[in-house]
Amino acid sequence: LPKRGAAVIAQTLGRPDDARPLLRDVLATCPHEIEASVRWGQLLLDDPDSNQFVAWATNLSPDVERHPDAWFLRGQFAHRRGECDAAARCFWEALRRHPEHRGACHQLGRTLADLNDVATATPFLERAELMQRLAVTLDDLFHHRDHLESMRRAALMTRQLGRLWESASWASVALANDPQLSWAIEILQDLSPHLHRALPQTSPDFDLTRQFHLEHLPLPRWP
């Protein structure tokens with residue numbers, strides 16, 4: 001879908017007026033196209049007419065409903081309306097679908113803090129901060145691909161986040177550069193018993209939504 005790709009570029013460059021007709025054309029042809037639907041919701045979030053976003057958020061197809069960003073957008077909209085309970089529930093639902101959604105993790109922590117639930121907020125805020133530090137390290141590696149210290153940091157942070165496959169991969173890449181690296185050998189030895197085909201990107205043991213159950217919080221009720 002070339003128009004969808006062009007719309008993504010336009011949104012990334014901060015040109016929503018260019019993205020709008022492109023997404024409208026995509027959705028006219030494929031009304032349940034997941035990525036285009038979510039991108040459309042991002043545009044409507046900033047529309048002065050809030051009814052447009054409400055109509056989008058309450059009429060999603062089941063496939064779009066399963067997309068973490070659909071819930072992230074709902075959470076942002078609820079938070080802007082001062083509906084902190086509903087916002088927290090939406091951010092939690094986004095994280096439940098994608099534990100590595102940094103925006104949802106950070107916003108959930110902030111919203112829980114607004115609700116004076118600091119004990120629950122703290123792990124989410126700490127995880128979001130760790131994900132941010134990892135993003136900086138990965139950016140360093142993008143520009144300096146053979147930097148072994150950055151690989152070590154990436155391996156340690158992904159391990160701390162429960163992203164065991166990634167941690168092992170960084171250790172393996174580092175060993176390809178220097179077969180005698182003790183830290184890389186140790187990581188691979190430690191992780192080897194835990195790596196199996198069924199292991200997802202984030203180990204369930206590190207999924208905060210499995211540790212903190214927020215199903216009791218209300219879902220948004222719009223309009």
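Here are a few friendly notes on the predicted model shown above.

1. Ground rules. This is a predicted model, in which local features need pLDDT of at least 70 and side-chain atom pairs count only at pLDDT 80 or more, while totals for chains, interfaces and linings use all residues. Residues are numbered from 1 along each chain as its sequence is written, and side-chain values use heavy atoms, with hydrogens and water left out.

2. Fold content. You will find 13 helices and zero strands in the protein; helices are DSSP runs of H or I with at least four residues, strands are runs of E with at least two, and both are numbered from the N terminus. Along the principal axes, the C-alpha atoms fill a box of roughly 60 × 45 × 30 Å.

3. Burial and surface. Of the protein's 223 residues, 42% count as buried (under 20% relative accessible area, with exposed over 50% and partly exposed in between; 1.4 Å probe, protein chains only). The accessible surface is about 12,000 Å², and carbon and sulfur atoms hold 52% of that (Shrake-Rupley method, 1.4 Å probe; for residues, only the protein chains shown count as cover).

4. Contacts. Among contacts (heavy atoms within 4.5 Å) with a separation of 6 or more, 56% come from residues 24 or more positions apart.

5. A residue to look at. Arg39 sits in helix H3, residues 34-45. Is Arg39 buried or exposed? Arg39 counts as buried because its relative accessibility is 17%. Setting aside neighbours within four places in sequence, Arg39 is in contact with Val8, Gln11 and Leu23.
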